[in-house]
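Q: Can you walk me through this structure? I'd like to take it piece by piece.

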Amino acid sequence: MDWLTFISSLVRSLAWPVFALILALLFRDQILQFGSFIKKLRAGPIEAEFEHDLEQLRSLSPSQGNVVGVRGGEKETFLTELAERHPRTAILEAWTRLERAARASLSSQEGGEREPGGVSAARLPELLVRAGLIDQPQVTLYHELRRLRREVARDLEPTKEAARTYVELSRALQSQLDRGA
């Protein structure tokens, strides 16, 4: 292979990557603005998660500051440590505890007239609003936490930070339900 053929094949193989890099540099501000709307990006073996949904849900949280423990100490620490080691499991467990608290609050509010165990998780917030236990922003929070839990159950791999935020938000809503019961 002579030098001219080598340079020609090198230019041919590098043309598209160099062009893509130049475009990315020229339009980096627009790409960064667009990136805030992306939740999930997959390109071959590379997967990037943009988990700003949980950050937006903080505004709907009943206690937006520090979350005071629902049941105190050991159980709270357990979920926090679980989020560090197994983020997916922490999210699933946090949801289970939240749903259990919603059903228990509803049951104690209604005085055992109707068994909330037969109510679907999707209908629970409607009944909680009727009972005066949560308001509309918290209904949205409940539904979004439920949606995110479904995504995790379907094989979404959350980050440790996302799991900690999810645990915090679910704990805040659970605390609100416990106070109302």
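What follows is a short chat about this chain.

Q: What kind of model is this, and how are residues numbered?
A: This is a predicted model, in which local features need pLDDT of at least 70 and side-chain atom pairs count only at pLDDT 80 or more, while totals for chains, interfaces and linings use all residues. Residues are numbered from 1 along each chain as its sequence is written, and side-chain values use heavy atoms, with hydrogens and water left out.

Q: OK. What is the secondary structure of the chain?
A: The chain has eight helices and two strands. Here helices (H or I, at least four residues) and strands (E, at least two) are DSSP runs, numbered from the N terminus.

Q: And which pattern do they follow along the sequence?
A: The pattern reads α-α-β-β-α-α-α-α-α-α.

Q: How much of the chain is buried?
A: Of the 181 residues, 33% are buried. Buried means under 20% relative accessible area, exposed means over 50%, and partly exposed is in between, with a 1.4 Å probe and protein chains only.

Q: What about the accessible surface of the chain?
A: The accessible surface is about 11,500 Å², and 58% of that belongs to carbon and sulfur atoms. Such areas come from the Shrake-Rupley method with a 1.4 Å probe; for residues, only the protein chains shown count as cover.

Q: What share of the contacts is between residues 24 or more positions apart?
A: Among contacts with a separation of 6 or more, 66% are between residues 24 or more positions apart. A contact means heavy atoms within 4.5 Å.

Q: Switching topic: how many aromatic pairs are there?
A: The structure has three aromatic pairs. One of them is tryptophan 16 with phenylalanine 19, an edge-to-face pair at 5.7 Å centre to centre with 85° between the planes. Rings of Phe, Tyr and Trp (its six-membered ring) pair if their centres lie within 6.5 Å; planes under 30 degrees apart count as stacked, over 60 as edge-to-face and the rest as tilted.

Q: Where do tryptophan 16 and phenylalanine 19 sit?
A: Both are in helix H1 (residues 3-26), and because they are three residues apart there, about one helical turn separates them. Tryptophan 16 is exposed, at 65% relative accessible area, and phenylalanine 19 is partly exposed, at 43%.

Q: What about tryptophan 95 and tyrosine 142?
A: Their ring centres are 5.1 Å apart and their planes are at 50°, so that pair is tilted. Tryptophan 95 is in helix H5 (residues 87-110) and tyrosine 142 is in helix H7 (residues 136-153), so the pair ties together parts that are 47 residues apart in sequence.

Q: Are those two buried or exposed?
A: Tryptophan 95 and tyrosine 142 are both buried.

Q: Now salt bridges. How many does the structure hold?
A: There are nine salt bridges. A salt bridge is a side-chain nitrogen of Lys or Arg within 4 Å of a carboxyl oxygen of Asp or Glu.

Q: Which residue forms a salt bridge with arginine 164?
A: Glutamate 84 does, with the closest N and O atoms 2.0 Å apart. This pair links distant parts of the chain, with arginine 164 in helix H8 and glutamate 84 in helix H4 (residues 73-85), 80 residues apart. Arginine 164 is partly exposed at 28% relative accessible area, and glutamate 84 is partly exposed at 33%.

Q: Where do glutamate 126 and arginine 130 lie?
A: They lie in helix H6 (residues 124-130), four residues apart, about one turn of the helix. Arginine 130 is exposed, at 60% relative accessible area, whereas glutamate 126 is partly exposed, at 37%.

Q: And glutamate 151 with arginine 147, how far apart are they in helix H7?
A: They are four residues apart in helix H7, so about one helical turn separates them. Glutamate 151 is partly exposed at 29% relative accessibility, but arginine 147 is buried at 17%.

Q: Which residues do salt bridges that share partners join into one network?
A: Glu84, Glu161 and Arg164 are joined that way.

Q: Last one: which residues does the UniProt annotation "transmembrane region" cover?
A: According to the unreviewed UniProt entry, it covers residues 6-27. UniProt positions are given in the numbering used here, feature names are shortened, and annotations may be inferred rather than shown by experiment. In the model, residues 6-27 are 95% helix and 0% strand, with the end C-alpha atoms 32 Å apart.
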